[in-house]
Structure formats: C-alpha cells, structure tokens
Amino acid sequence: MISNEGTKPIVSKPSFQKDPQQKIKLHKTTASTWMIQAVTISLILITFYTLTHLNTENVKMADAFKGLMMTFNQMFLQPNAGADGFWVLLEALGVSVLLGILTTIIGAVLGFFFAVIASRNLTNAYWGAGIRALMAVVRAIPTILWALIFSIAVGLGPTAAILGLSFHSVAYLTKAYSESIEEIDPAIIDALKVTGCKFWTIVFQAVWPTIIPSLVSWTFIRLEINFANAVAVGAAAGAGGIGYQLFVTSGLSFDFHEVGYIVYMVIIVTLILEFIAVKLRQHYLGK
Amino acid sequence: MKQPKVTAASYLGKKRLVQSGVLALIAGIYAIGCYILQFDTIQGTLSIPKAFAWLAINFMPTQSSMSYLPQIMEKLFDTVLMSIASVVVAAVIAIFFAILGSKVTGINKFMQVLVRGIASFFRNIPLVAWAMILLFSFKQSNFTGFLALLLMTIGFLIRAFMEIIEDEAGEAMMALKATGASYFQVIFQAVIPQIIPSLISWILYMIENNVRDATLVGILTGTGIGFIFDIYYKSFRFDAAGMTVLSIIVVVIGLETLSNQIRKVIL
C-alpha cells in the first residue's frame, strides 16, 4: 500500500525568491581591475592637465594648420630631388642603411654573448643581475645622447655614430635575447648537461638552435629601429647620411619638395626591411 | 621515387655548410660596411675606454652643477608630462582605428587595408621629418614637440593594438556574438575588457619610449629636456650636461620600474 502520509512532494517547485545577497556579479573587482582603473584615471588626469597647460607660444592654430597643409601638399604631392639630385641622396641613404646594418651586427654579436651570461637558467644569479643592471642604465640613455657624447670624445663622423648606435643596440638585444633564452624548456639544457657537455657546447648546440626564430625576429626589429636611429643621429649629431640631408633641406634651405622626396626614399627602405623581416619570420616559423 | 639517403654525417655536413655560409655573408657585409664608412673596428673599440675616461673627467657633475638641478628637473618634468599626454591622446585615436582595421573586428577588407596603410605610413616617416615640418608651422613651442610625438606614436599604437585584438579578443567576441549581441555590445563588453591589460602595458611602454624620443625631438625643435641638454652641450658646460644625462637615467629607470610593477598586478 502506498501511503500518502508524507506531505512533502518528491520534486519541489523551484523557488525564484530574489535574494539580494546572492546577486550574480557581472564585474569582479580584483586587484587587477583596481589597478587598471587607477592607472587609466591618473593618465587621463595628467593628460588633461598637460593639454590645458601646454605652451603654444601664441601661435595662431588656424594659420599654423593651414601652413602645415601647404607643407604637406608640397612634400607628398610634388616631391622632387631638389638641389642635391637623386644620386647624392641615394648615396646618403646608402650610408644610413649601412650604419643601421653595421650597428645591428655589432649589437647582435655582443648582445648574444651578454645575454648568455645574463640569463638566469645558464649562469649564476650574480653575473646576471650585474649585466642586467648595467644594460638598464645603458638603455635609459637615449641613442642620440650616446652619439653626441661619443662625437666629442672621438670626434665627429661615422665612428661616433657607430659607437653611439651600437651601445643602445647591445643593451636592447641583450634584454630581448636573454628573455628568449629564459623561456627555453629546462629539459633541453638538462639533457645536454647530463651527457657532460661543456658550457659553450650547451649554448651552441641547445640554446642557439632553439631560439633562432625569436633571435632572427628580434634582430630584424632592431635593424628597423637602428635605421630610424641612424637617420635621427645624422640629423641631430651631424653624423652624415640621409638624416643630415633631411635636416639641411627642412631646417636650413626649407625645400619641402626635397624633404618629401627624402621621406619617400626612407619609407621605401623601411617597407623593404619590414618585408624581409616578415618573410624570414614565416620561413623560420614554417620549419 | 627514391628518397636521397640522409645520414648523420651528411645532415651535419649540410648544416655546417649553411651555417658557415650565413656567417661568411654577415662577416662580408660587415667588412664592406666598415670599408665604405671608413670605420676602423680596432681603433673604434680602443677609443671606448678613452671616451669613458674623458667622460669621467668632464661629464662628472660637480658641486657647482647642483645649481642647474632645479632647471633640469623642471624641463624633465615637462618632458615626462608631454610624453604621457601624447601617448594617451594617441592611444584614444589608435584604439578607434585599430577596431576599424583589425582582422576580427574590422568592418570590411577595404578598411583593413586602408588602416594598415595609414599606420605604416605614419610609423615610417622619420621622427626628424615630423619634428622639422611641424617646427616650420608651429614654431618653437612645447606644442610642436607634443604633435611630433603624437603623430609617431599613433602609427606604432595602431599596429600594436590591431595585433592585440587579433591575438586576444577572438574567443570572447565569438562567445558574445553567439548570444546575438550587437556590434557595439560586442566591442564594449567583449573586445575592450578583454584587451585592456595588454593595452595598458603597451601604453606604459610607449610612455617610456617617448621620454627617450622626446630628447631627440627636443634637440631638433628646441623644447624640453633635449633643448636644455643641447644648450649645455654646445656651450661646453659638460658638467651640467652630465647632470642632465644622470637625471634622464634616474627618471627613465624609475618609469620602467613603476610600469613593471603595474604590469605585474594587471597581467
């Protein structure tokens, strides 16, 4: 006999009573979101303060923008090689490209050795910390100041430019390479260690082949930066190259047709460098 | 078809050949470059210790160069504020373009190509050219420096933000799209919350970078810390110039440490 004594039904009706304590939270507040909000708000406040206190030397904005548009028109729509001619500019461009390539090679070779010494998973912590601190200081000084400093110490010219650009390259690539080295799977290094390999054997047979893709891609990023820096150093430190031509035409002879021409030449070189970088990255990632 | 037999010896031999080929190529480029630029590697290397000895004597700030400190600090403070402002304004513009132009949130193929082209163009015009063109129209003022940094930063950030959106926002976007959310709901509820930590990380990096670049812009346009360094340098007040360099080091490393701490919390 089935008793019907129990008053409780087997399946109870679900209750949809709203409990204010148990609301679904749409946005979690964590340390991360707090930090993001704090950073965003302070950056916006700083920007607002800066823009309202910016010194414009009472330049009439409408006139200035009109002038700027005229300059752009001369530059980008009517470029010509001006007084220097194509071949002089091409030669100067070649000097800048070579400056970029040379300093990248120096930066890559020295940067790799420093990176090996600075990496936590290869050497002891003291060496690493020392090199990293030194490189942070070198990186903190803008490239242009390195070039200016060397131009008084060794005299104006390509030597000062190369030394100045190389300092920053070495420091930058040391950091980039050592971060790549520290991401290596420790099993690879251990596998070679147990066979009794020497330090440099491990570096060249395990570390080097593993990080080649990121090595190549960082080196080419640096090549692009170095070319841009070579142009800048040429302009501000008088170290020659296309940057110097750019400075003379835009700051002394005000021939904006030629400035446009030079800018187009520089853009073509950077596009070629970017193209090579993308192709090389695809080649190494495809393997 | 018969596969060519690969033995350990032939594989290693080929590998060695390729590696020596690449090394020889790089060495060749280096040698030719040195020859054309008339850069003597040995002489250059030897001059580094000499240069540092010279620096240690001439650039070392003395007791009297402390009097330059307030002026340097004021200009440096201006420069940092200017870099922050230029990056924040550039970021606001860049996020708009990046959403229009990225592969996942972009409106159509034409916009994607257009935005990529604009970004590449802005990025690749040398900073020197921006500074000099703007100097011609806007004269020697902080606003000129601000504009030059702004235009350069926009190009960089559009590219960076587009890559972030393509890498990180795809899945969250799909999830929201599946619920039938509209385009703007997807952008504001999925894409932006998802990418904001990486976005801020890039903004912080660009601020550091712009403090350094502002030195170059300052030398060319006569504003901020670059201008003051140039004045000291050209009037042979090397101790004051050294003081300027030291202050830049302290501020840049300070900013780097601060942004690394912020990154640790938000990522």
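This is a predicted model: local features need pLDDT of at least 70, side-chain atom pairs count only at pLDDT 80 or more; totals for chains, interfaces and linings use all residues.
1. Helix α1 of chain B has 30 residues and the number buried is two, so α1(B) lies largely in the open.

2. What comes just after α1(B)? The residue there is B:Q38, which takes a positive phi of about 55°. B:Q38 is not a glycine, and yet its phi is positive. Here is some background for that remark: most residues other than glycine have a negative phi. B:Q38 sits in the loop that runs between α1 and α2 (41-58) of chain B. Is B:Q38 buried or exposed? A residue with 12 or fewer C-beta neighbours within 10 Å is called exposed, and B:Q38 has 9 inside 10 Å, so B:Q38 counts as exposed.

3. In helix α9 of chain B (residues 224-234), nine of the 11 residues are buried, so α9(B) is largely enclosed by the rest of the structure. Among the buried ones are B:I225, B:F227, B:I228 and B:F229, and the list also includes B:G224, B:G226 and B:D230. Which helices do they pack against? From chain B the partners are α3 (69-101), α6 (142-168), α8 (183-221) and α10 (238-266), and from chain A there is α5 (143-153). The surroundings of α9(B) therefore include a helix from chain A as well as helices from chain B.

4. α9(B) is followed by B:F236, which has a positive phi near 60°. B:F236 is not a glycine either. You can find B:F236 in the loop between α9 and α10 of chain B. With 11 C-beta neighbours inside 10 Å, B:F236 counts as exposed, whereas nine of the residues in α9(B) are buried.

5. Stepping back, how is chain B built? Its secondary structure comes to 10 helices and zero strands, and along the sequence the pattern reads α-α-α-α-α-α-α-α-α-α. The radius of gyration of chain B is 25 Å, well over the 18 Å that the globule rule gives for 267 residues, so chain B is more spread out than a compact globule. Along the principal axes, the C-alpha atoms of chain B fill a box of roughly 70 × 60 × 40 Å.

6. How much of chain B is buried? Buried residues account for 44% of its 267 residues. Among contacts in chain B between residues at least 6 apart in sequence, 74% join residues at least 24 apart. One pair to look up on the model is B:K139 and B:T221: they are 82 residues apart along the chain, and their C-alpha atoms are separated by 8.1 Å.

7. With 16 other C-beta atoms within 10 Å, B:K139 is partly exposed. Leaving out residues up to four places away in sequence, B:K139 touches B:T144 and also A:E57 and A:V59.

8. Chain A can be described in the same terms. Chain A has 10 helices and zero strands, with 38% of its 287 residues buried. Of its contacts with a separation of 6 or more, 73% are between residues 24 or more positions apart.

9. How do the two chains meet? 59 residues of chain A are in contact with 57 residues of chain B. On the chain A side, helix α1 (residues 31-52) gives the largest share, 11 residues. By class, that side has 46 nonpolar, 12 polar and one charged residues.

10. Finally, consider the nonpolar core. The largest one has 157 residues, and those with the most contacts inside it are A:A147, B:V128, B:L157 and B:F161. Take B:F161 as an example: beyond its neighbours within four places in sequence, B:F161 is in contact with B:A94, B:I95, B:A98 and B:L199.

How values were computed:
Residues are numbered from 1 along each chain as its sequence is written. Chains are lettered from A and ligands numbered from 1 in the order in which they are written. Two residues are in contact if their C-beta atoms, placed from the backbone, lie within 7 Å. Helices (H or I, at least four residues) and strands (E, at least two) are DSSP runs, numbered from the N terminus. Ala, Val, Leu, Ile, Met, Phe, Trp, Tyr, Cys and Pro count as nonpolar, Asp, Glu, Lys and Arg as charged, and the others, Gly among them, as polar. The radius of gyration is taken over C-alpha atoms; the globule rule is 2.2 Å times the number of residues to the power 0.38. A residue is buried if 20 or more other C-beta atoms lie within 10 Å of its own, exposed if 12 or fewer, and partly exposed in between; C-beta atoms are placed from the backbone. A nonpolar core is a set of buried Ala, Val, Leu, Ile, Met, Phe, Trp, Tyr and Cys residues joined through C-beta atoms within 7 Å.
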